[in-house]
Amino acid sequence: MSPAAPLPALVEGVRSGHRATLARAITLVESRKPAHRLLAAELLQALLPQTGHAIRVGITGVPGVGKSTTIDSLGSHLIAQGHKVAVLAVDPSSSRTGGSILGDKTRMGRLALEERAFIRPSPAAGTLGGVAARTRETMLLCEAAGYDVVLVETVGVGQSETAVADMTDTFLVLMLPGAGDELQGIKKGIIELADIVAVNKADGANLARARAAAGEYRGALHVLGGRESFWSTPVLTYSGLTGEGVEALWAKVLEHRNRSEAAGALSARRSAQQVKWMWTLFDERVRERMRAEPALRARLPSIEHAVAAGSLSPTLGAAKIADLFGWKDL
Ligand SMILES: Nc1nc2c(ncn2[C@@H]2O[C@H](COP(=O)(O)OP(=O)(O)OP(=O)(O)O)[C@@H](O)[C@H]2O)c(=O)[nH]1
Ligand SMILES: [Mg+2]
């Protein structure tokens, strides 16, 4: 079956949880070919009733914080409880090679062997909006295929955390032990996105430093105040490596979900996300379409050159581009 297999076969295959069909459907969703896009949109629409049932968790943290190790440990725990777990990623910066995907899979060695786990690396490099939109659609496909927990990871650099927070129900920010120095480095914006902060590597010689860091983050969060009225962001310590505290971490995720559901915040959050994604997709498509416009393509290099050289202001440059579409007063 090619990615462009007939729609009913794809719908049926995804619904029945057939792995190869799910992989094919994801390839379709990631494709930029217009015919594939159309089919992908029809597929997503057909599967819509089967989506939305998963617990969607975003996970971020600087490189080396232990995201993959944590996902391996947490994911294995969830599978032992009877869940089906999908692991996705948003990584617009790197065009990941087969090598690092393989690297990721070895970091998730236990999970990668599980029949009830589905691990999919980030779509290939592109605009953040585009990469994130593909991941979000992949999440929907996984839900339709029966995965009831979706873990979406992103490296804590750039704006990708916001995109992941915008597609998940609970956003988990992982931190390293070591108060003080690291605390200086926390991006205020990330902490504000966090529903749960968890200091990893609370094991062996790191234990005391992890607890000290947690104390500092609690203080910082107290000052910043919570993201939502029904929830004040907790700070936990755990070890992805030994598994100590991973169960408690999951219990917090469930507690956040239950509380936000009871407060009506879960459905409000998802509704707001849906509308935001519509606009993200619209913006992305419009920009693509406009940039592909022959009139623009011919003029763009000289406008860009003038702006780069400082002879044309960015504001006037933008106006000139708009002018090419006949928008005089933009
Ligand atoms: N001691 C200790 N080491 C850990 C723990 N979790 C992860 N590590 C180690 O930290 C290193 C980085 O872990 P990864 O899970 O690959 O981190 P990551 O956040 O996925 O890193 P990137 O994929 O590069 O962003 C590895 O050497 C892990 O073995 C932990 O709980 N305790
Ligand atoms: Mg990793």
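1. The shell of residues around ligand 1 comprises five nonpolar, seven polar and four charged residues. The structure under review is a predicted model, and the points below should be read accordingly.

2. In total, 16 residues surround ligand 1. The closest are K67, S68, T69, R107 and D203. Helix α4, spanning residues 67-80, gives the most to this shell, contributing three residues.

3. The backbone of G66 places a polar atom 3.0 Å from an oxygen atom of ligand 1. From T69, a polar side-chain atom is 2.5 Å from an oxygen atom of the ligand. D203 instead approaches a nitrogen atom of ligand 1, with a polar side-chain atom at 2.6 Å. Of the 650 Å² of accessible area that ligand 1 has on its own, the protein covers 76%.

4. Attention then turns to strand β5, residues 170-175. Six of its six residues are buried. Both faces of the strand are covered: T170, L172 and L174 are buried on one side, and F171, V173 and M175 are buried on the other.

5. Which strands pair with β5? Strand β1 (residues 55-61) runs parallel to β5 and is joined to it by four bridges; within this pairing, I59 has L172 as its bridge partner. Strand β6 (residues 196-199) also pairs with β5 in the parallel sense, over four bridges, and here V199 is the bridge partner of M175.

Key:
Residues are numbered from 1 along each chain as its sequence is written. Chains are lettered from A and ligands numbered from 1 in the order in which they are written. This is a predicted model: local features need pLDDT of at least 70, side-chain atom pairs count only at pLDDT 80 or more; totals for chains, interfaces and linings use all residues. Side-chain values use heavy atoms; hydrogens and water are left out. Buried means under 20% relative accessible area, exposed over 50%, partly exposed in between (1.4 Å probe, protein chains only). Helices (H or I, at least four residues) and strands (E, at least two) are DSSP runs, numbered from the N terminus. Two strands pair if DSSP finds at least two bridges between them. A residue is near a molecule or strand if one of its heavy atoms lies within 4 Å of it. A polar contact is a pair of N or O atoms within 3.5 Å; within protein, one must be able to donate a hydrogen and the other to accept it, and residues adjacent in sequence count only if both atoms are side-chain atoms. Accessible areas come from the Shrake-Rupley method with a 1.4 Å probe; for residues, only the protein chains shown count as cover. Ala, Val, Leu, Ile, Met, Phe, Trp, Tyr, Cys and Pro count as nonpolar, Asp, Glu, Lys and Arg as charged, and the others, Gly among them, as polar.
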